[in-house]
Amino acid sequence: MTFKRPSGAGLAALAVGLFAATAAYADPTINKGDNAWVMTSTVLVLLMTIPGLALFYGGLVRSKNMLSVLMQILYTVCIVMIIWAVYGYSITFTGGSAYIGGFSKAFMAGITPESMAGTFSADVAVQEMVYFCFQMTFAAITPSLIVGAFAERTKFAAVALFVPLWVTLIYFPMAHMVWYWAGPDAIVAAAKELAAAAPDAKAAAQAKLDGVMADGGQIFLWGALDFAGGTVVHINAGIAGLVGCLIIGKRTGYGKELMAPHSLTMTMIGASLLWVGWFGFNVGSNLEASGGAGLAMVNTFLATAAAAMAWMFAEWLTKGHPSLLGAASGAVAGLVAVTPAAGFSGPMGALVLGLVAGVICLFFCTTIKNSLGYDDSLDVFGVHCVGGIIGAIGTGILVNPALGGTGVMDYVAGKIGDYDMVTQVLAQCKAVLLTLVFSGIGSAILFKVVDVIVGLRVTVEVEREGLDVTEHTERAYNM
């Protein structure tokens, strides 16, 4: 069984984010198999962050900065988890407005071993604590991606201040706008009530259904599809990384001195762990161990492999040699691109998406980056933002049933809704544009605030010596 978004009445993307079931709706039944799969997926997403992303990034920097990258990512994961429990989950996945939720579940109020969170099927749920943890790992990895853009020259104090501000003011509102909705239980219940209403009660029942249908984040209500985080995670973090590297400035000696990765072995290990963990990211976002999860799994295999080969062969043709770094970077680009499309595209569509992402991301990480001269240390913008844009817009095309996509489920009608490519692609473009503007401008303001309070950049002398010793009094290697 595949899972798609509801259509009609301005509804938008069926995505990973779901509204936790409340007493206002009849309690669904927890499926132990689904629950176990989301628990497993949660651990896989943590694996892709620490150690996956940490080793991938750590291997790409010079040895004198290896530990600084590991420390920044470990800190980010831990501080975001604490913030998520205090107020992050509440303002992301409760009602309030189309842009941000409320504080009714702050400090995990009401989240117990018995409380439930909805899935993509009416009357089927997972444990809310498990869903809380699953979404927590998404919140933790997103700002972790950003640090790669300005690696090797940023104060740890700056990262320590920027991350809590960014997740609070940028990530949580973005996740709410894309992933918050009333859920299938509320929609189906309201639709049934309308169908059964007496003539004199029809107006009230219709108003109730309209209210339920309008209960969602702004991007969701626009109709944008984002299965597992193309906008929320990758475009969001990618544009923030670009803004950060521009404001902080280039590394000392950039373009004049060799700044080769100190351990491509570490990078390959990290990339492999990212791929493994990404099955939790994409397949877990189905929230049910069903046919939709199987589709997301196939797509995560095919798009990744296709992007790795596309990057490698394109590099081979243009530069005369295939590189391990290129193939690994291509694999990550494919993972990024397929993220929003994982549960919506058919397998062949995902393969094509990977091929396109591999070539275009290579172009941005080499030709465009060199032409503009910005120092995005680990190509956060070129891989995550550009790959996320390709995936987000591509999802609007590949969801088309005529192209092997799943189509879009209309929960009110109880069937797949009519597909209109222009309408869907425009919705995807609106979501991309809002993400770029909101995160880009918001991140720029936050970087400036952090610079005023603690300063963003270390001194030239500290940068020359390396952040491991100067910031943390440690060395990655003592030989």
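Visitor: In what sense do S2 and strand S3 pair, and over how many bridges?
Guide: S2 and strand S3 (residues 124-127) pair in the antiparallel sense, over three bridges. Strands here are DSSP runs of E with at least two residues, helices are runs of H or I with at least four, and both are numbered from the N terminus. Two strands count as paired if DSSP finds at least two bridges between them. This is a predicted model, in which local features need pLDDT of at least 70 and side-chain atom pairs count only at pLDDT 80 or more, while totals for chains, interfaces and linings use all residues. Residues are numbered from 1 along each chain as its sequence is written, and side-chain values use heavy atoms, with hydrogens and water left out.

Visitor: Which residues of S3 are the partners of Ala 117 and Met 116?
Guide: Ala 117 has Val 126 as its bridge partner, and Met 116 stands opposite Gln 127.

Visitor: How many residues lie between S2 and S3 in the hairpin?
Guide: Five residues separate S2 and S3 in the hairpin, and Asp 123 in the turn has a positive phi of about 65°.

Visitor: And S1, does it run parallel or antiparallel to S3?
Guide: S1 and S3 run parallel and are joined by two bridges. Thr 29 stands opposite Val 124 in S3.

Visitor: What is the strand order in the sheet, then?
Guide: The order is S1-S3-S2, in an open sheet of three strands with mixed pairing. Strand S1 (29-30) and strand S2 (116-118) are at the edges with a single partner strand each, so one side of each is left without a neighbour in the sheet.

Visitor: Which strands does helix H1 lie across?
Guide: Helix H1 (residues 32-60) lies across S1 and S3 and runs at about 45° to S3. Helix H3 (residues 128-146) also packs on the sheet, touching S2 and S3, and its direction makes about 70° with that of S3. Contact means heavy atoms within 4.5 Å. Axes are lines fitted to C-alpha atoms, for helices over the stretch in contact, and angles run from 0 to 180 degrees between N-to-C directions.

Visitor: Changing topic: is H8 mostly covered or uncovered?
Guide: H8 is mostly covered, with 17 of its 19 residues buried. Buried means under 20% relative accessible area, exposed over 50%, and partly exposed in between (1.4 Å probe, protein chains only).

Visitor: What span should H8 have at 1.5 Å a residue?
Guide: Helix H8 (residues 230-248) should span 27 Å, and its end C-alpha atoms are 26 Å apart, which agrees. The expected span is 1.5 Å times one less than the number of residues. Gly 249 follows H8 and has a positive phi, near 95°.

Visitor: What about H10, how far does it reach?
Guide: Helix H10 (residues 291-319) reaches 42 Å from its first C-alpha to its last, close to the 42 Å expected for its 29 residues. Just after H10, Gly 320 takes a positive phi of about 90°.

Visitor: How many disulfides does a search of the whole structure find?
Guide: The search finds zero disulfides, a disulfide being a pair of cysteine sulfur atoms within 2.5 Å. For Cys 385, the nearest cysteine sulfur is that of Cys 361, 9.7 Å away.

Visitor: Is Cys 385 buried or exposed?
Guide: Cys 385 counts as buried, because its relative accessibility is 0%. Cys 429 counts as partly exposed at 33%.

Visitor: Finally, how many helices and strands are in the chain?
Guide: The chain has 16 helices and five strands. Of its 479 residues, 60% count as buried.
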